[in-house]
Each structure stands twice: as structure tokens, then as C-alpha cells.
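Hello,

Here is the structure I said I would pass on. My notes follow below it.

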Amino acid sequence: MLETPTARHPSTAYIERILSGKTLLPDTPENTLEVVGILKSYGVVIGAYSKNLLYIAEHQFLELFPFFKYFNGKTSLSALLRHWFHDRINYEYAEYCMKVMLWHGGGGLDSYLDSGEFKLLARKAIDAKIRNNPLIRSLNQVFPDFLPEQIRQFVYYSVLGQFWDVMSELFLTLADRYEQGKITSIPDVVAHIKAGLVAAAGNPITYSVDIGGQSYDLIPKSAGLIFISDAAVPYVEAIFFRGTPFPGTVSYNAQAQQISPDPGRFAYGALYADPLPVGGAGIPPTLLMQDMRHYLPESLHRLYQNTTRKEADLLIKICESFQKSMFCVTNAAILGLMPHDLETTDPKEQKVNQHYLEGWMDRLRTSQLETVQTNSLQ
Amino acid sequence: MLSVLLWIPFIGAVVLIVLPGLQDSRRAQWVALLLATFAFAWTIFLGFQFDFSATGSQFQERLSWLETLGLQYQVGVDGLSYPLVVLNNLLTCVAIYGSDPDKERPRFYYSLLLLLNFGVVGAFLSENLLLFFLFYEIELIPLYFLIAIWGGARRGYAATKFLIYTAVSGIAILGSFLGLVWLSGAESFALQRDLAETLTLTQQLILLGGLLLGFGIKIPLVPLHTWLPDAHVEASTPVSVLLAGVLLKLGTYGLLRFGLGLFPEAWSVLAPYLATWAVVSVLYGALTAIAQTDMKKMVAYSSVGHMGYILLAAAANTPLSLVAVIVQMISHGLISALLFLLVGVVYTKTGTRDLTVLRGLLNPERGLPLIGSLMVVGVMASAGIPGMVGFISEFLVFRSSLPVFPVQTLLCMIGTGLTAVYFLLLVNRAFFGRLITRSDGKVVTLAPVIWRERSPAILLAILIVVFGLQPNWLVDWTRATIADFSGSPAVLAQRTTLPEADLARAITLH
């Protein structure tokens, strides 16, 4: 039987680059500055998102009208006015990501949420929560699937909150180490992220809520859900790769089958996004870019100032830098999940590694990977 | 008082040339802008003194000059010319302010712009046929140089073509004026309403024919229009603004003042043919515009079409239709000036006006979103969307011409529909979709738009909306003059009239 020579794979250049210890994103000082700078502001923003997601999961559990869910428990007239004036973080973006994860599912979490164990735990929490609410109780009897589905959503609130809590810390320490001169290149960045992911890989994912002074487990430790396989990998799959088609300045015609009916073939995630539609009102990624612009480190902001349009297209520049940084995170995830050691000399292991990398590269073929190779700020 | 309007730009033009220390482009621009703004302010000041109820000309001034030739320095302003003077002085300010601050040979450039203003204002204010002709010719010289020196690649061709066409136009007009004075046996070239009353109809028709040829080139009417798209494409943005905004109006103004004003009898004989000619112009302009891929040429052909409405309303010659003529002149002046300004910005930023290349310019971050939005406003106004001055003027034109020339008016209405077609094509191609990508697949980064490029367009857009909502502010100036103008016995005998009350109602309603 003839074997297809591996050299024929269209992304061989990238595969060889990874195998030789280089990175998907070209290693230049400007790229390093951009990636570290943008990850610093991203770290601040997802830190805030994470706090809010955890607050909603724990304190707004099954609230019928969670009017103050973005206030983290600190309600006042001035806070409300600031909120309406839009002087705030766009927590809606965090919920958008949460829903994308819920929708695409994946990992052990997805199957756990369909298990009898979870249904039992959810039922207990529901009964406790609506004990004194006859209206909801009767509704619950008519539509018994409604509240469990809500709880599945709260689970995702909590899981994404826990995931981002780790990532926020990871990105902020990256920025600190860059400022201390310990990180000087893109491979350093990738290594830092990989180390962080590996260190947190086995962290348990748990979730319990407090109702009437009693704690109700929804994901007990015994469910065996862990950081890397049940939060990080589904997150990368849902947010980096699949995403959701959103209406921007480029629109899709779903009726004309321009959207694949199979969500598994979606390619609307962060790695594929066209930075151009950013800036239109109401487009989710715009919310993230808007949030990050408030926390840009001075050095990166100065870099952006040297471009043709200066502040005018800041959101697009942030999006471009962000995309570069996400390729670094993907790179770290690829390395972290490698089936065998990079330097292995065993031909069998090498082959497995090769196939593993080809699988990633096949998916990245239509991504913005080509664009970030040469894209410098203009 | 009125002469101040004339002599500010003239003296300004001389000062810019002779005064030392104005080599610096920006300083020359500021001096020119200061003078033009002063002239504009003076026009507004005169507006406050303007008597709305007076039918004749106001602020008249008269000095004898070459009495043996019958040439006097004789100026005045009435409801017909005043709005056009305001428009001209406003657009001169816009053109000067909107000029590239690093213009080469700035002293000559700004001095020519002021000289152009001088020629046009002079022509509007003249109450002497020969004086009008002199100003009409004076205005050619600066415009020729403005196109020939600061124009695009084929500027020599375009400028020469413009010069030849407009010189022929001048000769035809001069011929008619001379014929009129000689045949009527008048002692001077002073403009008098009854100058042609003693002439036979044939004589009148021949003289009117000369004027139609002359002003028809200037307006321009198909098939005398071919100089215009070339001139527009080669001219720089400020010159295009003035050309479309004011200079074309010299043609329609002349036709109204001298054609209809002096030969009402012959006019009524020719009116059905003129209305048909208007249809040809409107439809030809619109259909040709659809076929264009150069944005500026599209706007230029749109100009040809829209000037046809003026001829239609002038041919109808009812009190309401003459109001429509003035309103359409102002409306077209504002709208086409806006469109040319915006096309100019697009050209400066992208380096092209090719509609097969341009795409997605409405992009909020990397494109020209404000310019694009103003363009949408401009094309909506041009297509006669209610709430903007284009609707008022076109509605007035159609409302007043329909009872007189129903078929021609209906055909012209198709032109309005076609305006929407080509301008939607323009907006759709250039402004919607994904932003232009370079050959290597990357998005172009357009230089940011600065306020000097935005503000004149914003000002014009505001005026377009304000006059669209409050057309009376535009119509009131002309009402008395028009009532008198169309009140001459010969005209009254010939035309199909709308009752006065109808006119008043139509104007108040719209």
C-alpha cells in the first residue's frame, strides 16, 4: 500500500515549525509586544468577566428577574446611572461566550449534564429554590424541563467563570514577567501559557449553590470534571474554532445554506474572525474589543498611535493583536496536548505526533493564520 | 451697497497676486477665505434689507461707462438673482475652505477662485445686456486656468473643450443681444422688459434660438453637454463644486432672465419643444449615468439630467413652475456641490473613483463612515426623498408642469426613478460590502478624514435638510419677483395658469 508522503501536507511548513520548537506566530519583537500587551488587557477584562459569571452562578441562581446581575451585588443609584450611561464592562460578552459553550457542548461536562446524577442534583436544588413560590412550582409541573435547562446554563456560567479565573491570572503574570525581562519572545509566551495550562490541568471543576443557608452541589468533586478536558478544551473548540455566525458588515444568508447545518463544521470562532466587521454596533466581538481598549498598556497604546489612523480604527487593531495572541494560546494548547514528546526519536511516536498536528492544521487551514504571518500594524 | 459684493472678490484677486508675503499656501488660503466670507456675510446683510414685497430689482446702482456703446455699469438684485448670489458666495467659501492647503501656486489659484466669484456675481447682478455678457465671458478665463493648471491627467483636453464650447455659447448670446438691440432700435443695452415687444415673432424666434443655443451649452442640455463630464472629471474638487453648484446656473438663469423674460411670446411658441428637449436631457443624463463606472462622471451626468428639470419647469412657465425653477436651481446647487465634495474626499483617500474597485467604504473603523453617511443623504436628496430639498424642488417642478405638459412631465418623472437607480448603484458598489482588499488580501488602511474635508459637506447636508423641512425660507425670496415676472401681459395670455391661491397653497404646503 502506498503511503502519502507527509511532505505533501499543505501545512507542512507550520508542522515543521512546531516540531522544531518554533511558534505558529512569527517571533518578532513587535509581535511579542502586541501579544503580551493585549493579553494583559485581556487578563484584566476576563478577570472581571469571571468574577461576574461566578457571581451570577452563585447569587443570581434561578432568579426570575436578574435585573442587577451585572452589578456584582453592589447596587446603588450611581452604579445604575453609570450602567445606563454605558460607563462599564460589557458583561454581555461573557454571557455570549457562555452560551456559545453551552450550545456547542463538548468535553465530559456535556455528558455529565445529561446524566441521571446531575438531574437528581438539579431537582434537589430546584425544589429548594422554588419551595415558597407556588406560581413557579405550578409552571415547573407543566414544563418540567425548563428549570433543569436553566441550571445547565448556570453550570456553564460557573465553569466559564472558573476557567477565566485561571486564565486571567496566567495572562497577568505573563505581563509581569515580560516587564521583568523574563519573557522576551513569542516562544517564551507560548511556553508560559503552556506551563500555566499544564499546571492547572488537573484542577477539579465543581459548582454548588447556597439556598436558604444550605449548600447544594450541582457538580460535586466526585463527578470528576477537571480543568483541561472539561473546561479548557471545550472552550477552545467552542470559542476559538466553532463560534457562531453573527451579523456584521458581511452578512450570511442562512436560508441559502451558507451556514453549515452541522455545528461541528462551524468556523466562525476567534481564529477565523474577520477583524473588519469589528466596530459595528451590537456585534459581540466589538464588545470585547471595547472592553480591552480601556486597559491597554501604555507601550501597546503607543504602538497603535504610530499607525495611519491612530485612534480611529483602534478596535480593529486590538482585534488583530488579539487574534495573534489567540494563535499563541492555541499553540500552547497544541503543545500541551501533544500525544508524545516533541523531541521523540521513536518513529511510531513521531508518526502519531505528525498525524496529531495534521489534524490541527487541517482545521486551521481557513483561519487567519496566513494573515497573521505577515500582518504588521499599519 | 451692492457693488461691495462685486468689488471684494475683484480687489481680493488683485491683492492676492500683488501683495508680497502670500507665497505660503496656507496664508493665501486664509486671506482668500476671509475675503470670501466677508462677501458672503455682506450678502446675508443685504438679505436683511431685502424687501420681500418689492417686485422689481432692488439696491440698484448705475454709472455711465461707455455711453456711445450703450454700455452702463448697471447692477441690481431681485428675487431671481438674490438666492443665486447667496449660493455662489456660499459655495465660493466652501471651495476655498475645501481646497488642499498645500496647493501649488497658491496665490494664482485663490486669486482665480475670487475672480470666478467676481464674474459669476457680476453676471447675476447685471441689468445691462452687454455688462452681463462681459461678466459671462470674464468667468471663463479663471475657470479655464483652474482646470488647465490644477486639473487631472487630461486637463489640457478638458479645459480646451470647455473653452471652445463656452466661447461659442458666448458668441451666440452676444449675437442675440446685438440683434435684439439693433432690431428694436433701443438706445442702450439696458435690460428692459419690453425690449422685444416691437419685434415680429420670427425675429423673436431667431433671437431666442441664439440664446437657447448659448445658454443650452452652459446648462448643458443634450446634445450640447459633452464638455461637462470631461471638465468635471479633470477639474479638482473645489472647481467641480463651483462648476456644478453655480456656473451651470448661469445658463438657466440667463434662459429665464433673457429668454423667457424678453421673448415671452416666442417662448410660448417654443415651449412644447423645450419641454420635449428637457425630457431628452433628463432621460439621456440618467441613462448615461447608470452606465458610468467613474463616480465623478456619474455625478456629472446626473447633473445633466437634473438641469433638464429646470428647462421643463421654465417651459411650463406658470407662476408655480417659475418658483420651481429657482428652487431646483438652489437645490441642485447644494446637492451636486455636496456630492462632488464627497466624491472628492473618496478620491483623495482611496486614489480612485472607479466603482468597480471601490467597496465597503461605510466600514465604521477603517472606511469613511461619515462621508458614506453624508453620501447616502446626498443621493437621497438627489433622488427626491421627502424631508430634503430635492423633494421640494422636484415636486414643485412636476406639480407645476403636469397641467401644462402632462406627457413630458410624466417622462421626466421616470428620470427621478432612474436617479434612484444610478445613485443606489453608486452607494451599493462603493459603500456597502466588505472594505477593499489589496492584491495580497489585506485590507487597505485609508488615511483618516480630517475636519477640513468633513465640515463643508456637513454644512451643505444641513442646509439640504433645513430647506427640505422649511422650503418657505427659500421660496419667500422669489415669490414677489416671480409673480411679477410671469405677470407680463404676453405671458398671461399664453399660458395655462394655476390660480394665485393655488400657488400660495402649494408653496405653503411644501
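What share of the 510 residues in chain B is buried? Buried residues make up 57% of them, where buried means that 20 or more other C-beta atoms, placed from the backbone, lie within 10 Å of the residue's own.

This is a predicted model, in which local features need pLDDT of at least 70 and side-chain atom pairs count only at pLDDT 80 or more, while totals for chains, interfaces and linings use all residues. Residues are numbered from 1 along each chain as its sequence is written, and chains are lettered from A and ligands numbered from 1 in the order in which they are written.

Chain B has 20 helices and two strands; these are DSSP runs, numbered from the N terminus (helices H or I, at least four residues; strands E, at least two). The C-alpha trace of chain B spans about 75 × 55 × 40 Å along its principal axes.

The largest nonpolar core holds 178 residues. A nonpolar core is a set of buried Ala, Val, Leu, Ile, Met, Phe, Trp, Tyr and Cys residues joined through C-beta atoms within 7 Å. Helix 13 (residues 319–350) of chain B gives the most to this core, with 20 residues. B:Leu338, B:Leu342 and B:Ile464 touch the most other members. Leaving aside neighbours within four places in sequence, B:Leu338 is in contact (C-beta atoms, placed from the backbone, within 7 Å) with residues including B:Gly378, B:Ala457 and B:Ile464. A second, separate core of 103 residues includes A:Tyr49, A:Leu53, A:Leu109 and A:Leu147.

Regards

How values were computed. Buried ≥ 20, exposed ≤ 12 C-beta atoms within 10 Å, placed from the backbone. Contact = placed C-beta atoms within 7 Å.
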